[in-house]
Amino acid sequence: MPPTPVPAIEDAEPEVSYSQEPPQPRPSSSLGLTRESVSTVTDGLSFLVNSAKLATEFGFAAAKFTTSASINAARTVVDTVGENTGLDATGITPLLSGGLYLADKISVAGIGVGEYFTKLGLKAAEKGIDGVGNVFGNTELGLAIQEFSKLVQRELERNLMDEDIPMEGSGIAGLVVAAPEVDETSEPAVIARTPPQQRRHKSLKDIGAFEIAKSVTAWICLQRMNKKYYEEKALQACGESLLASFSASARLHHADSQLGLENGGPIIEELQDDDVVVDGESRRESADLIYAHVGSGPSETTTQPPSFDPLSQERLFQNIRRYIRFSSGAYGKFAMDFFAPNALSFNERKELARKAQSSDSAHINHAFYSTYTARPMPEVFHTTYHNQKAGENRLLSEVSSVPRILPANKTHYNPTFYLILDHPNKSVVLCLRGTLSLHDLFVDLTCESQEVQIQGAPYLVHSGMYRAAQRVSLPADQWLAAVQEAELPSRASSSDLPNLFRADPRPPFIHEAVLAGLQAHPGYSLVVTGHSLGAGLAALITLAWGDANTGIVSASSGFPSGTKLHCFAYASPAIVATVDPVSRQTRSTQEFHRLVTSVTAGTDFVPSFGLGSVRDVAGVVARMHDSPGLASGIVARYVQSKAVGGLGGADVEAVQRLHRELHDACFRNAKLFPVGRHFWIKQEAEVGAVDVREVERVDAMLGNLVFGPSMCSDHMPNVYEDLIRGL
């Protein structure tokens, strides 16, 4: 008898969460303290600790001075007595004087050791108090943690069995542990499942952690057994290989001089005052004309090639290759030493040490970024790390609203950023760092979809990144107004303790600094770039500043009219989608190709990870749990296939059928996608060759979360840099 056909699965309206940010109730601790009161207490304690640090520094300095002065006075008396009495000739007073000298050094050293450990303890106390204030106080981080906790609770309690979508037994009977024997002359057996009346509600909390882990493991095994399906699907979503075009473009004259190769790519050399900088290449019928200037600064207008466009399509691959270095360097010295210990050569490390001691350096990461990107220190003209060490900035000195020192902002989120004058590429570059702090992480995890208007059209966006990007893109006065409008809860309550130590919110002054750079260098383009979280923020900031139809800044941005704008986003998270008005399915956007270029490497999971993909896997967990023995059978079959080197013919068909049934039944939730024109760089493990393709159907390639052994490691910034610069 022919097998029973698989039942058709009706389309279901995707579950879309629209975050409208309703008024939040006053949060409080178990002791009845509001978050504002916790902030008051921690701010007061921080003030006391800082006072103690100053008092300790003064006290230890006084102790060193009085101890040394007293002992030296005693030495003077001993030496004087010895000279007057003749005891110095006997060696008695020199011995006593030497003993006092040794006592002086030991005493001062002991005080110094005590000072070191005291300061260390006070610093640890300060960090601990700040941590408590950030997490439990009235800060955006504290509220983000609270919001994420509520999201997790909702997802754990969400009913996963709202739709009863049957799965035919012919696809899975052979994979179930201890499955009943099937009579070949009868209808295909349907897997024994919980009766509908007993599964009106099933949530992840009902299933339990162990069963969740087992079902997720089984789904990963099922995906690995269908690895070829995912590889073919990804290739079908892409165009032809662009490796030849990319390689040819990388060999063209570029603004940076190239001294050699490092890790498969050219070193970006820091330009000296007497270096010749190639501005571009313009070929004519009669001759090849190369425009150049001398020095590390901008060229004069007389040497500018008439058609030079740093953001032209002809330079697209060069720019992808160039700005990955800017994006990965934003993680700073210590992170990059962990990701790529050999990223800097011996000579570059010597240069870093020299720059760190320079008066132009505001922070070790400031000096590192200058060294890593080979931009002279003054060209990194505004960063998060402008602190008490920062010198006078020549470019921003006339912009009174941008402070020389950028104070720390403990209550509101500002991303870590760098602003660079990229003279060789005739651009002002805004680079945003990826996830490296706890607050960065919870911006990532505030991932519910929010419906917004972007350039007059409705879109779904990643709520946490969108809110952060929108505020960062504003001038300082509008930033403060936005903060005041969305004031943190419980600030105005009369029951709160008066906070005499709370610092006012501090804007990052990014908009003002970008404007100053563009006004000081007419004709320069604006480039926004970043990796991971930095890529998501960079793309959303670009959408706020740019015009999708023209690829230049919008009039509302406040930047010089006609300024070209583009974003290079590496490992961008899923951040934007449109909703089909008929099917209500989400899809990737096609409207922002002129503003954003996104790059995904290998099997990086971040571009396809989001709340929708988590709900997809949760649906798989529920259906596996509803079929006893299925998860164990899949895992056993996967282990067996690895042991014998593959699946048999009948097993292949059963595995493919089961995968298709689970996929069609569960992968129906709303998704977000990276934005802009998209390129995929992959490495063939067998031969080590690298290929690059343009993704033509982003929905098909990034619509599913695919588990793999390198899904996390492929997300690292050094992996992106190695793959891109090795093409």
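## Close-up views of a predicted model

**View 1. Helices α17 and α19 in contact.** Asp616, Gly619, Val620, Arg623 and Met624 of α17 touch Leu662, Ala665 and Cys666 of α19. Contact here means heavy atoms within 4.5 Å. By class, the residues of this contact of α17 with α19 are 5 nonpolar, 1 polar and 2 charged. Nonpolar covers Ala, Val, Leu, Ile, Met, Phe, Trp, Tyr, Cys and Pro; charged covers Asp, Glu, Lys and Arg; the others, Gly among them, count as polar. Helix α17 spans residues 611-625 and helix α19 spans residues 649-666. Helices (H or I, at least four residues) and strands (E, at least two) are DSSP runs, numbered from the N terminus. The two helices pack at about 120°, with axes 9 Å apart. Axes are lines fitted to C-alpha atoms, for helices over the stretch in contact, and angles run from 0 to 180 degrees between N-to-C directions. α17 and α19 are therefore oblique to each other. Angles under 35 degrees count as roughly parallel, over 145 as roughly antiparallel, 65 to 115 as roughly perpendicular, and the rest as oblique. The crossing of α17 and α19 is right-handed. A crossing is right-handed if the near helix is turned clockwise from the far one by less than a right angle, and left-handed if anticlockwise.

The model is predicted: local features need pLDDT of at least 70, side-chain atom pairs count only at pLDDT 80 or more, and totals for chains, interfaces and linings use all residues. Residues are numbered from 1 along each chain as its sequence is written, and side-chain values use heavy atoms, with hydrogens and water left out.

**View 2. Helices α8 and α11 in contact.** Helix α8 (residues 316-329) packs against helix α11 (residues 364-373) at about 160°, with axes 9 Å apart. α8 and α11 are therefore roughly antiparallel to each other. Their crossing is right-handed. From α8, the contact takes in Arg325, Phe326, Ser328 and Gly329; from α11, Phe368, Tyr369, Tyr372 and Thr373. The contact of α8 with α11 has 4 nonpolar, 3 polar and 1 charged residues.

View 3. Strand β9 (residues 449-454) pairs with strand β10 (residues 457-462) in the antiparallel sense, over 6 bridges. Two strands pair if DSSP finds at least two bridges between them. Glutamine 453 has proline 458 in β10 as its bridge partner. The hairpin leaves 2 residues between β9 and β10. In the turn, glutamine 455 has a positive phi of about 50°.

**View 4. The open sheet of 4 strands.** The strand order is β9-β10-β13-β14, with antiparallel pairing. β9 and β14 (586-587) are the edge strands, each pairing on one side only. β10 and strand β13 (residues 576-579) pair over 2 bridges. Leucine 460 has alanine 577 in β13 as its bridge partner. Helix α13 (residues 463-472) packs on the sheet and touches β9 and β10. The direction of α13 makes about 110° with that of β10.

**View 5. The open sheet of 9 strands.** The order is β1-β17-β16-β15-β12-β11-β8-β7-β6, with mixed pairing. The edge strands are β1 (238-241) and β6 (380-383). The twist averages 20° from one strand to the next. Strands β7 (residues 417-422) and β8 (residues 427-432) run antiparallel, joined by 6 bridges. Tyrosine 418 has cysteine 431 in β8 as its bridge partner. Helix α16 (residues 533-545) packs on this sheet, touching β8, β11 (525-531), β12 (565-570) and β15 (596-601). The direction of α16 makes about 150° with that of β11.

**View 6. Model confidence.** The mean pLDDT of the chain is 77, and 74% of its residues reach 70 or more. pLDDT is the predictor's confidence in each residue, from 0 to 100. Residues 177-193 have pLDDT below 50; this stretch has 29 contacts in the model beyond near neighbours in sequence. Residues 490-494 also have pLDDT below 50, with 9 contacts beyond near neighbours in sequence.
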